[in-house]
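This report covers selected local features of one protein chain. Please keep the sequence and the structure open while reading.

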Amino acid sequence: MNDLSSEVVREQNKRSNWNPVPSIAIYITVPLFFIGLSVSVFILVVVHNVSFFLSFLFLSAFVITFIAWNTYNWRHKAAVICFLHSFPDSDLGTAREGQLVKITGLASCGSTSLESSYERASRCVYASTLLYEYGRFGLTPSDSPTSWFGWTLTFCERFSTDFFITDQKSGIRATVKAGSGYKVVPLVVETNLVSTTRQCRILSPHLRKWLQERNLSTEARVLRLEEGYVQEGSFVTVIGVLRRNNDILMIVQPQELLSTGCLWQKLLLPVDIDGLVLGVPNIQTLQQGLTTIL
């Protein structure tokens with residue numbers, strides 16, 4: 001079993017950064033903005049030429065929008081999701097040793113299976129439960145950013161384990177190494193299960209019991225609980241490196257960082273991927289796979 005909870009906290013720490021925009025680009029852009037603003041205002045006052053000032057405003061708006069767009073999509077892993085969906089599907093029957101492959105198929109549990117924390121969904125290969133609280137200073141983990149306003153992560157449980165995947169193209173089964181000692185980049189969206197508001201902060205008995213079992217406060221407050229998991233029998237997509245050991249096929253994390261590359265059609269900068277990618281295939285891929293099987 002692989003505990004990925006620390007990775008969630010690390011992601012929360014990075015949310016205050018401008019990733020994937022390099023810091024040096026921000027340091028250069030800010031002084032250039034004030035210099036350009038001063039020059040454009042000077043030309044507007046002295047020469048009475050408004051075209052240069054309007055051009056500067058348009059260019060500044062474009063740059064700010066571009067940075068904000070990339071920051072927002074980086075936080076939602078948009079570039080990684082696009083990379084997952086655009087990467088061509090591989091065939092385990094013809095794939096070579098050491099090849100980077102994308103396999104879509106049915107997941108089945110190995111020797112170890114997981115159970116989701118809140119809904120108690122059994123026979124899972126991946127499970128994630130996140131608890132957010134609104135404007136609760138001092139309740140977050142010591143290395144997690146805290147805010148007086150907005151939602152803040154206060155508790156997380158995220159685990160993955162080794163499992164089998166049956167290739168929808170060839171029908172060949174392989175072992176996906178997502179257990180202890182391996183890095184996993186999950187692209188499984190959590191579902192909002194519990195949500196309280198300022199007008200209704202009453203916690204259900206089940207939620208109170210869940211909080212007590214984890215030594216968390218059971219007082220009425222504004223919170224949000226999300227959970228996501230991949231159960232046995234679900235369609236999943238993984239991207240990793242193929243390894244062959246006699247007749248045993250394994251998909252492991254790449255030894256080097258993967259890059260999504262520049263996605264100019266979506267105006268997204270490249271993002272590095274460190275680990276095995278685990279996601280859910282889109283509907284079109286599922287339909288094509290089912291057609292191939294039938």
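## Basis

The model is predicted, and local features are reported here only where pLDDT is at least 70. For side-chain atom pairs, the threshold is pLDDT 80 or more.

Ser-90 sits in the loop that runs between α4 (78–86) and β2 (100–109). Its relative accessible area is 10%, so Ser-90 counts as buried, the cut-off being under 20%.

Leaving aside residues up to four places away in sequence, Ser-90 is in contact with Gln-99, Leu-100, Val-101, Lys-102, Ile-103, Asp-167 and Lys-169.

## Thr-104 in strand β2

Thr-104 belongs to strand β2. With a relative accessible area of 2%, Thr-104 is buried.

Which side chains make polar contacts with the side chain of Thr-104? One is that of Asp-89, at 3.4 Å. Another is that of Thr-237, at 2.9 Å.

## Positive phi in two loops

His-48 has a phi near 60°, which is a positive value in a residue other than glycine. The residue is located in the loop between α2 (23–46) and α3 (50–75). His-48 is exposed because its relative accessible area is 65%, where the cut-off for exposed is over 50%.

Leu-267 also has a phi near 60°, again positive and again in a residue other than glycine. Is Leu-267 buried, exposed or partly exposed? A relative accessible area of 39% makes Leu-267 partly exposed, since that class falls between under 20% and over 50%.

## The second largest pocket

The second largest pocket holds about 330 Å³ of space. Its lining consists of 13 residues, and those closest to the pocket centre are Thr-29, Phe-33, Ser-60, Val-63 and Ile-64. Two elements, α2 and α3, each give two or more residues to this lining.

Which element gives the most to the lining of the second largest pocket? That element is α3, with seven residues. By residue class, the lining of this pocket has 11 nonpolar residues, two polar residues and no charged ones.

Notes: Residues are numbered from 1 along each chain as its sequence is written. Side-chain values use heavy atoms; hydrogens and water are left out. Helices (H or I, at least four residues) and strands (E, at least two) are DSSP runs, numbered from the N terminus. Buried means under 20% relative accessible area, exposed over 50%, partly exposed in between (1.4 Å probe, protein chains only). Contact means heavy atoms within 4.5 Å. A polar contact is a pair of N or O atoms within 3.5 Å; within protein, one must be able to donate a hydrogen and the other to accept it, and residues adjacent in sequence count only if both atoms are side-chain atoms. On a 1 Å grid over the protein atoms alone, a cavity is a set of points where a 1.4 Å probe fits but cannot get out, and a pocket is an open set with protein on both sides within 12 Å along at least five of seven lines; lining residues have an atom within 4 Å of a point. Grid points are joined across faces, edges and corners, and a volume is the space filled by probe spheres set on the points. Ala, Val, Leu, Ile, Met, Phe, Trp, Tyr, Cys and Pro count as nonpolar, Asp, Glu, Lys and Arg as charged, and the others, Gly among them, as polar.
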